Structures are given as C-alpha cells and as structure tokens.
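Subject: Structure for your review

Dear colleague,

Please find the structure below, followed by a short account of what was found in it.

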Amino acid sequence: MLDLRAQYESIAPEIRAAIDAVLAAQQFVLGPQCEAFEEEVAQACGTGYGIGVASGTDALELALHACDVGAGDEVIVPAFTFIATGSAVTALGARPVFADVEPAMFNLDPSQLEMHITPRTRAIIVVHLFGLAADMDPILALGAKHGIPVIEDNAQSIGASYHGRKTGSMGRAGCLSFYPSKNLGAYGDAGMIVTNDEKLATRLRALRNHGQTGRYLSTERGWNSRLDELQAAILRVKLRHLADWTAARQAHARRYDSLLRDLPGITLPRVPDGREHVYYLYTISVSGRVQGRVAGGAAANDPGGTTRSDVVQQRLADRGIASVVYYPVPLHLQPLYASFGGKPGDLRVSERAAREVLSIPLYPELTLPQIERVAQAVRDAVRD
C-alpha cells in the first residue's frame with residue numbers, strides 16, 4: 001500500500017541534515033523547529049495559527065476541550081471513520097452521536113445532521129475522508145444556526161480544498177495527523193491544530209503544555225502533548241515536497257480512473273465540482289455479494305455472507321497486491337459503543353460503505369508499470 005523507504009531515499013540528505021541540526025542545537029521540545037513548522041503549516045492551510053501537538057488524536061481531544069466539550073455533552077460524528085474521531089469525544093466524558101455519510105464520497109451527509117441536534121450538542125466533527133473535503137457550506141450554516149462549533153478532522157486531507165478554501169480552515173479548528181502513512185508523515189506520532197481564532201490558539205498552547213500560561217503556573221488541567229523538535233524538523237523538510245507529492249498522487253489517481261472506468265459493479269472516487277482531492281487513499285466501491293466465503297470472511301457488520309469486495313481483495317492478494325478496507329466496522333457498531341444500542345440498519349450508507357470499500361496502492365513514488373499492474377489485477381478480479 002505504501003513504500004516509505006522510496007520516499008526517504010529521495011530526500012535522505014535533507015532529512016539527515018535537519019536531524020543533525022536539531023542534535024547540534026540540543027533543544028528538543030517547543031523550540032524553533034516547532035515554531036517555524038507551526039507557521040508554515042498554518043500558512044499552507046490558510047489559517048492564522050498552528051499549534052503543534054503529539055498526535056492527531058490529541059489534536060481532536062484538545063480542540064474539543066478548548067471548545068468547552070465535557071462530561072454529559074454530545075458531539076455529532078460521522079459513523080464511517082477511524083475510531084479516534086469517536087474516542088476523542090469519549091475521552092472527555094462526552095457522548096459521540098453517530099450520523100450517516102453521503103454515498104460515493106463517504107463524508108458527513110449534511111441532510112442527516114439536524115435530526116441529531118439536541119440541547120446537549122456542543123460540537124460537530126467533520127471528517128474529510130480519504131483526501132476529499134466534506135460538503136462544508138451547509139454544515140457550517142447549520143452549526144451557525146444552532147451556535148454549535150464545527151471541528152474539522154483533517155487527518156487525511158492536508159492540502160485539499162473546498163471552493164477555494166483549504167480543509168482545516170473553515171471550522172472553529174482543524175485537526176491534523178502526521179502519522180507516518182499520511183500524505184505529510186512524520187517518523188513517529190505528531191499532530192497539529194490550526195485555527196483563525198487567536199483566543200482559541202492561546203488556550204490551546206497552554207493546554208498542550210500542562211495548562212501552563214507561565215513558567216510553573218497552570219490555570220487549568222492540561223495535557224502533555226507537545227510536538228518535538230526532531231519531528232518538526234523532519235516534517236519541515238517534507239512540507240517543502242508536499243505540493244509535488246500531491247500532484248503525483250493526483251496524476252496516479254487520474255491514471256487509475258482511466259484504467260478502471262466502466263467496470264461493472266465498481267464505483268471510482270467521485271470529486272464534485274469545486275473540490276480538490278489529495279488522494280490519501282484511492283478507494284473504490286465494489287458492490288454485491290457472492291455465495292460462500294473467502295479467507296478473512298465478510299465485513300464485521302455483514303456476517304451473513306461474503307461481499308464481492310472480499311473476493312476482489314483475496315484475488316489481489318493472490319497476485320501479491322496489497323489492498324485494505326478502511327473501515328470494515330462503522331463506529332455505531334464498534335464493540336466500544338455497544339452500550340449506546342447501535343444496531344445494523346441504523347446507518348445504512350455507512351454500513352454499505354464498510355461492506356464495499358477497497359483501497360488500492362497509491363503513493364507518489366508509485367511507477368506507471370505498477371499502476372498498470374494493479375489496475376489489470378483489479379479488472380481481472382472483477383471479471384473472474
């Protein structure tokens with residue numbers, strides 16, 4: 001799915017020089033590399049402020065806390081996303097309220113939001129999934145109507161845009177992950193919150209450092225969640241290459257589009273007018289079921305049989321080609337949230353997505369022959 005070694009080899013001298021500079025300076029936490037990286041990412045995202053933290057999950061928790069989400073509150077969350085989006089809510093004692101997503105694009109469906117708003121709703125988390133922006137205008141309008149802040153989970157979509165605005169810049173805060181597999185990945189865990197709200201940024205800088213507003217002076221309970229200098233230095237190098245890497249991802253996606261179009265039962269990534277996709281993942285949908293089972297079984301929310309997606313994935317594996325289902329169990333059906341009473345059929349689009357999605361290899365260093373090999377394997381797997 002991803003060849004991190006190929007990327008490293010292309011920038012190794014720059015990376016080593018950046019690491020050596022940090023080692024020579026002997027300043028490792030909240031130093032000049034972090035400060036410079038915060039400014040650079042904020043500028044890239046079209047925001048006024050960046051606050052480096054230890055991970056994307058911490059970014060979500062801190063942003064929610066800074067928006068005064070706490071015990072007994074509710075936060076609307078899409079059901080089709082990584083568990084961290086929901087667990088950041090429960091970590092604060094609040095309750096995630098799961099909403100359905102749009103077909104084909106898999107982002108939060110604006111038409112499904114208002115029915116979930118209650119007097120306890122304190123925030124809406126929008127996930128820009130797989131590299132594509134959610135439909136933000138109606139979501140922001142609904143948040144403004146009810147006085148509810150919108151927080152963008154932008155872990156997968158740095159650089160994507162929605163009608164000329166960068167993801168992460170439209171809500172009260174945007175949360176970034178620099179996990180190694182991301183389009184802009186660290187060599188370990190790292191994250192950032194971006195915002196245009198100066199007061200919020202000031203509070204977040206205190207929260208990430210034990211709530212300190214002065215030396216050994218804490219005004220509220222905080223976190224130990226600081227982006228270290230080594231990761232910041234590495235990420236600064238990578239950020240200089242991000243535009244070229246994004247262009248390569250987009251070119252690879254166009255090639256996949258041309259090679260995979262018109263396959264029966266296959267839906268390719270859809271990009272609405274006015275949005276720029278950065279292809280963290282190239283995710284197709286494979287509709288239908290087949291008789292019998294394949295190795296690995298069916299999706300966890302579809303115990304009654306084998307999905308056609310399972311079959312295609314197994315046939316790709318037989319040819320030595322990686323593919324991954326992101327995500328096989330929607331949040332409302334996760335064991336973690338069993339006490340909430342979610343059951344199959346509650347959020348049908350999310351459940352269908354979990355049965356049908358399949359991500360195939362896409363990264364900047366992928367070669368044209370590799371793309372053609374993967375595409376041919378998909379075509380053969382679908383037709384067999």
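Which residue in β5 does I125 stand opposite? I125 stands opposite I151.

This is a predicted model, in which local features need pLDDT of at least 70 and side-chain atom pairs count only at pLDDT 80 or more, while totals for chains, interfaces and linings use all residues. Residues are numbered from 1 along each chain as its sequence is written, and side-chain values use heavy atoms, leaving out hydrogens and water.

The protein contains ten helices and 17 strands; these are DSSP runs numbered from the N terminus, helices being H or I with at least four residues and strands E with at least two.

Strand β5 covers residues 150-153. V150 and E152 point one way from β5, whereas I151 and D153 point the other way. In a regular strand the side chains alternate between the two faces of the sheet. All four of these residues, V150, I151, E152 and D153, are buried (under 20% relative accessible area, with a 1.4 Å probe and protein chains only).

β5 pairs with strand β4 (residues 121-127) in the parallel sense over four bridges; two strands pair if DSSP finds at least two bridges between them. Strand β8 (residues 173-177) also runs parallel to β5, joined by three bridges, and here E152 stands opposite G174.

For the protein as a whole, 57% of the 384 residues count as buried. Along its principal axes, the C-alpha trace spans about 65 × 55 × 35 Å.

Yours sincerely

Note on methods
Buried means under 20% relative accessible area, exposed over 50%, partly exposed in between (1.4 Å probe, protein chains only).
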